[in-house]
Amino acid sequence: MRRTLEIRYGKAVGLAMLMLVLVAGIIGCKTDETEKISGNVVNQTPSSSNRNDEEEAEPLRRSFKLGFSQLGSESDWRLANTKSIREAANEAGIQLFLENAEQSQEKQIEAVRSFIDQGVDVIAIAPVVETGWEPILREARTAGIPVLILDRKMELSDQSLYVTFIGSDFYEEGRMAGRYLLDKMRDRSGEIRIAELRGTEGASPSIDRGGGFREALGEFKEMNIIASESADFTQSRGKEVMKSFLETHKGAIDVLYSHNDDMALGAIEAVEEYGLQPGKDIIIISVDGTRQAFEMMIEGKINAVVECNPMLGPNVMQAVLELMEGRTLPKRIITPERIYTEVTAEREVSNRKY
Ligand code: GZL
């Protein structure tokens, strides 16, 4: 009996040892597998010995590197956009390399080349103008670095040169401005003389906001754009160009359509210095939706603002993380937007985040 027990006990111990070795082997392989799958895990086994098994299996993700070429700092919208990108990168634990090109495409291209040399994981570009990007995007593709286009669009013959566009539908913004004007003037008869302050020449918001506005006004022949000039999205240029419009047309302007709030704020100064009342003598429609523009609507100096949301940061960082996890992204990620008027401004102004 005793001998039998000894043999059985011996066998049980041997079997248990074998099981232990087998289980240890499986855990070891799993760890290796985890490392292979995620790819970007750098320290799989945490140094502290007091972590339990579950924590041991959770890989530590290294912080990804995002190189972002920001086009400039020309407007309140742009400052809010940069702030949103910085805060969202910090929140997501993504290492952000941000270069401000001060509205120079050449500096943007140099910045992208430096990101390639630094070996970032992803490159994001807010392109100052639509054209001239294919060569540098090909350099990024050769380096195996995916590119996100933010805010403004690029004109590309090869759509595979970028992963996704994250921004607004500027053409629809222009249509919303045009539809508002048609409604605002529905009881007016005779010619409606419109002045337009365009944004940066060749920039997609300038091209599309102008196109959408004209499409909406299309069949209404009394709607006449008598003056249109770029004021580069800045307040100072907006004042200068509006001053020249007023002098050229001797104040005979019924509507100002400004492609952004900064130019509209400059234009308001010019209108008041000319002796007219903005928002009354001249209807003013703008785009962006900055807090200052809302305050002007409450004062009755701007009649309507089409929102263009600069808070792209969270969408951008989400896209970076999904890209790094090997997921596919939609080709366009569009921010929903709406129009606000002097009627709705008061109850909305406190919600404005930029
Ligand atoms: C629009 C953005 C434009 C803003 C301007 O998405 O590119 O550039 O409307 C800014 O205020 O300068």
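**Parallel sheet.** I started with the open sheet of six strands, ordered β2-β1-β3-β4-β5-β11, with parallel pairing. Strands here are DSSP runs of E with at least two residues, helices are runs of H or I with at least four residues, and both are numbered from the N terminus. Two strands pair if DSSP finds at least two bridges between them. β2 (95–100) and β11 (332–334) are the edge strands, each pairing on one side only. From one strand to the next, the twist averages 20 degrees. For angles I use lines fitted to C-alpha atoms as axes (for helices, over the stretch in contact), and the values run from 0 to 180 degrees between N-to-C directions.

This is a predicted model, so I note its terms: local features need pLDDT of at least 70, side-chain atom pairs count only at pLDDT 80 or more, and totals for chains, interfaces and linings use all residues. Residues are numbered from 1 along each chain as its sequence is written, and side-chain values use heavy atoms, with hydrogens and water left out.

I looked up β4 (residues 147–151) and β5 (residues 164–167): they run parallel and are joined by four bridges. Ile 149 stands opposite Phe 165 in β5. Helix α11 packs on this sheet and touches β1 (65–70), β3 (122–125), β4, β5 and β11. Contact means heavy atoms within 4.5 Å. The direction of α11 makes about 170 degrees with that of β4.

**α3 against α11.** Next I checked helix α3 (residues 76–92) and helix α11 (residues 313–324): their axes come within 8 Å and cross at roughly 45 degrees. That makes α3 oblique to α11; the classes are under 35 degrees for roughly parallel, over 145 for roughly antiparallel, 65 to 115 for roughly perpendicular, and oblique for the rest. The crossing of α3 and α11 is right-handed, meaning the near helix is turned clockwise from the far one by less than a right angle. On the α3 side I found Ser 84, Ile 85, Ala 88, Ala 89 and Ala 92, meeting Gly 313, Pro 314, Val 316, Met 317 and Leu 321 in α11. These contact residues divide into eight nonpolar, two polar and no charged. Nonpolar covers Ala, Val, Leu, Ile, Met, Phe, Trp, Tyr, Cys and Pro, charged covers Asp, Glu, Lys and Arg, and the others, Gly among them, are polar.

**Mixed sheet.** Then I turned to the open sheet β7-β6-β8-β9-β10-β12, six strands with mixed pairing. Its edge strands are β7 (223–230) and β12 (339–341), each pairing on one side only. Strand β10 (residues 304–307) pairs with β12 in the antiparallel sense over three bridges. Val 305 has Tyr 340 as its bridge partner in β12. Helix α8 (residues 235–248) packs on this sheet, touching β6 (192–198), β7 and β8 (255–258), and its direction makes about 135 degrees with that of β7.

**Two residues.** Glu 173 lies in helix α6 (residues 170–184). Buried or exposed? I found Glu 173 buried, at 0% relative accessible area; the cut-offs are under 20% for buried, over 50% for exposed and partly exposed in between, with a 1.4 Å probe and protein chains only. Leaving out residues up to four places away in sequence, Glu 173 touches Ser 168, Arg 209, Val 287, Val 306, Glu 307, Cys 308 and Glu 337. Gly 218, in the loop between α7 (204–217) and β7, counts as partly exposed at 41% relative accessibility.
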